[in-house]
Amino acid sequence: MAFSYTNEKERTYYLHNKETELKNGRKQTIYFFAKDVREDDALDAVPEGYVVSETKNGLPVLKKAA
């Protein structure tokens, strides 16, 4: 079951991740929210060390925990 977040506008978003390769060859994991569940990229929980925050436009984002 994918992790879901409902913002203050009552819209539901689902957490996903994607691993990309940078120009220097290093690999980096990108976390993002989408309106639908994409089975191959969906995450079941927020990664350790991160918290969900909301922008002033209502979009959810991950931030490193303080």
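## Exercises on a predicted model

Leaving aside neighbours within four places in sequence, His16 is in contact with Ile30, Tyr31, Phe32, Ala34, Asp36, Val37, Arg38, Asp41, Ala42 and Leu43. The model is predicted.

**Exercise 1.** Find the aromatic pair of the structure and classify the pair.

*Solution.* 
- Count. The structure holds 1 aromatic pair.
- Name the rings. They belong to Tyr31 and Tyr50, with centres 5.5 Å apart.
- Check the angle. The planes stand at 55°, so the pair is tilted.
- Locate both residues. Tyr31 is in strand 3 (residues 27–34) and Tyr50 in strand 4 (residues 50–54), so the pair ties together parts that are 19 residues apart in sequence.
- Check accessibility. Tyr31, at 29%, counts as partly exposed. Tyr50 is partly exposed at 26%.

**Exercise 2.** Describe the backbone angle phi of Glu10, then state where Glu10 is found and whether Glu10 is buried or exposed.

*Solution.* 
- Read phi. Glu10 is not a glycine, yet its phi is positive, about 65°.
- Find the place. Glu10 sits in the loop between strand 1 (4–6) and strand 2.
- Judge the accessibility. Exposed means over 50%. Glu10 has 63% relative accessibility, so Glu10 counts as exposed.

Terms used:
Residues are numbered from 1 along each chain as its sequence is written. This is a predicted model: local features need pLDDT of at least 70, side-chain atom pairs count only at pLDDT 80 or more; totals for chains, interfaces and linings use all residues. Side-chain values use heavy atoms; hydrogens and water are left out. Contact means heavy atoms within 4.5 Å. Rings of Phe, Tyr and Trp (its six-membered ring) pair if their centres lie within 6.5 Å; planes under 30 degrees apart count as stacked, over 60 as edge-to-face and the rest as tilted. Helices (H or I, at least four residues) and strands (E, at least two) are DSSP runs, numbered from the N terminus. Buried means under 20% relative accessible area, exposed over 50%, partly exposed in between (1.4 Å probe, protein chains only).
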